[in-house]
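Hi,

Here is the structure I promised to pass along.

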Amino acid sequence: MAVGLTAVALAAAGCTSEPAPPATPTDGSFIMSWTEPQNKLIPAATSETGGGVVIDALFTGLTNYAATDAKTEMANADSITSADGGTTWTVKLKSGWKWHDGTPVTAKNYVDAWNYAAYTPNGMINGTFFGDIKGYGDVTSVDPDEDGPKEAPKPAKDKMDGLKVVDDTTFEVTLSGPSNLWPIKVGYSAFMPLPDVFFTNPDAFGANPIGNGPFKMNGWTKNTELKVTRFDEYQGADKPKVKDVTFRVYSDDAASYEDVKNGTIDFQQQIPQAKIIGDLYKADFPSANSNKPVSSSSFLAMPTWLPGYNDPKVRQAISMAIDRKLIVEKIFNNTRIPMNGWVNPNMAGYKDGSCGEYCTFDAAKAKALFDSATTKPAELSIAYNGDASHKPWVDAVCNSIQTALGVPCVGKPFPTFGEFRTLVTTQKMTGMSRAGWQADYPHIENWLNPLLKTGASSNDGKFSDAAFDAKLKEADGTADLQAAQKLYQDAEAMLPALMPTIPLWHGSQQTVWSAKLQTVTINTFGELDLATVTVK
C-alpha cells in the first residue's frame, strides 16, 4: 500500500507519468476442495483436518502460529505471563473483540469453554488437552467396560480448580505442575473460546457456529459445501483480503484436481498420487503449484486391543517388513521422507533415528520375529478412506508385508473420510488402519501426548503403557523447556520396544491452485493461509 501511495503522490506532483499500480484486491471469492467433517463444528470436538480448517476460519484463540515459521504470536490475548516459574499463568485479553453475533469476547468465554471440553460426560474428543490444568482429574471419569452396558461414573466436579475468572478480560490458569510449554500449546483450536449461546444448545451451535474469527458462517449443505464470509468487525491482525470462501466436498481427489485445472474450483491442498509421478502436476500448473515439506506424517494405527496385534513382536515385525524407501521412490516419486521415529523433523525436539532397526526394512528378520510371536493374526489388513489417493501406497505396503512375512495382507477402503474416522474412533476396525498426524503446535510433545498417552484424544490404537505415561508426566511437569524436551526425547526412545504405531513417512505436500488466486501461502502445517489469499 505504501508503494501505491508513493506513486500517486509523485504523479500528482508532476514528477512521473507512470500510472499508479493497481490496488490489492480486498474482495472477491474462491472455492477450495474439502472433506466433510467427522463431527459438528465445535473446537474441542474437532481433531481432523476437514473440520479443523473451518474451525480455524471461524474462531480465533489466545495465540496464532505464524504462517511462515509457526512461531507463536499473540492473537486474542494481549499477554500470557507467569510470576512463579510456569505453574500459574495470567491471561489478559485484548479489549474490543466481538463474537459474530455482536456480543463481547470475555475471559468467561474461555474458562467456560475449557471446563466444558474437559468434562468427560460432554464427550469432547480434545478434552485431554486440558490434562495439565489443576483439577482435571476431578472432571474426568473412565468408562469401566468400554462397549459394555455400564456407564462411566459421574466425575466429582464439573469445573477445574485451576481456572479462575478475574475480570472481563483477565483469567488465571493454574497447572498441576510448572510448564513453559503451555503458552505454546494454547494456539491449538481445542483452546478456543465459546460464546454464551453455545451452552443453550451445543448440538444446534455445532451445525451453525458463532465464532470470533476472521470469517463467519454463511451456510452449510451437508456432504456438498460450506460457505464462510469475511467478518468485517474482526479485531485480529490477520484480517482476510477476500470476502467469501467456499469449501466444496469431493469424494474423489482426481475429480477435484481436474476441477482446479478447468477453473471450476480454485485450490486443492494435496494432489492425487498419480499426478506426482513424473511431476505431471508441474506441467499442468507451471506457475500455480507448491511442493513443500510440511509438519505432517503418516503412520499405521495398530488395534492393540485385538489378539495378535497386542504383541509388540508382531508390530515390530510388520514394521520391519515395510520397504519404506522403495515405496517412497516408486509410489511417491521421492516426495516423501521415510520415517525412522515418531516425530516430524519440523518440530522442536526432533531426533533422527529413534526407531532404529524396527523402521529399517529387513525381510528375513521381520519373518523370524513374526514367527516367534505366540499369537499373531492369520491375515492382515489396512483400512483407509477411499475418497483420497491412498490405494496405491496401501497396496504397496501390503505387498511388502505379505512378501516378507508370508501372511495375506489386503487394503480395505471405506467410502468417505468421515465414515472411516468414525469406525476408527469407535474401535470397529478389525485390523490396521492408515493414520496421519498434522502438528497442532511445533513441539515434540504434540507427537507423543495426544497420540500415545493412555486415553489420549488421538490414540487410535488404544495403546497404553504405564512407564511411558510416567515419563511423559515427568516431562509435562518440567518447567525448563530444554530439560522438558530431553525428557520427551527419552519417552520417544522407549517406543521401539513398544511399537505402538508404525511410522511410515513424513509429508511433502504437492498443492495446486487456479489462475484466479493471486496470493497463495501454504503454512508450516500444510494449510492454505486464508487471511493472506488475494484473487484476480
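A quick word on terms before the notes: a cavity here is a set of grid points where a 1.4 Å probe fits but cannot get out, and a residue lines it if one of its atoms is within 4 Å of a point. Keep in mind, too, that this is a predicted model.

Cavities, then. Searching the whole structure gives three of them at 30 Å³ or more.

The largest cavity comes out at about 60 Å³. Around it you'll find Ala301, Met302, Pro303 and Trp305, then Val424, Met429, Gly431, Met432 and Ser433, and finally Asp460 and Gly461. What does the lining of the largest cavity look like by class? Seven residues are nonpolar, three are polar and one is charged.

On to the cysteines. How many disulfides does the structure hold? There are two, and with the bonded cysteines numbered in sequence order, they pair 1-2, 3-4.

One of them is between Cys355 and Cys359, with the sulfur atoms 2.1 Å apart. The angle about its S-S bond is 80 degrees, making the link right-handed. Are these two cysteines buried or exposed? The cut-off for buried is under 20% relative accessible area. Cys355 has 2%, so it is buried, and Cys359 has 7%, so Cys359 counts as buried as well.

The other disulfide joins Cys398 to Cys409, again with 2.1 Å from S to S. This pair links distant parts of the chain: Cys398 sits in helix α11 (residues 391-405) and Cys409 in strand β15 (residues 409-414), with the two cysteines 11 residues apart. The link of Cys398 and Cys409 is left-handed, with -60 degrees about the S-S bond. Both of these cysteines, Cys398 and Cys409, are buried too.

Cheers

Notes. Residues numbered from 1 in each chain as written. Predicted model: local features only at pLDDT ≥ 70, side-chain atom pairs only at ≥ 80, totals over all residues. Heavy atoms only, no water. Disulfide = S-S within 2.5 Å. Buried < 20%, exposed > 50% of the residue type's maximum accessible area, 1.4 Å probe, protein only. Helix = DSSP H or I, 4+ residues; strand = E, 2+ residues; numbered from the N terminus. 1 Å grid on protein atoms, 1.4 Å probe; cavity = no way out; pocket = protein on both sides within 12 Å on 5 of 7 lines; lining within 4 Å. Points joined across faces, edges and corners; volume = space filled by probe spheres on them. Nonpolar A, V, L, I, M, F, W, Y, C, P; charged D, E, K, R; others polar.
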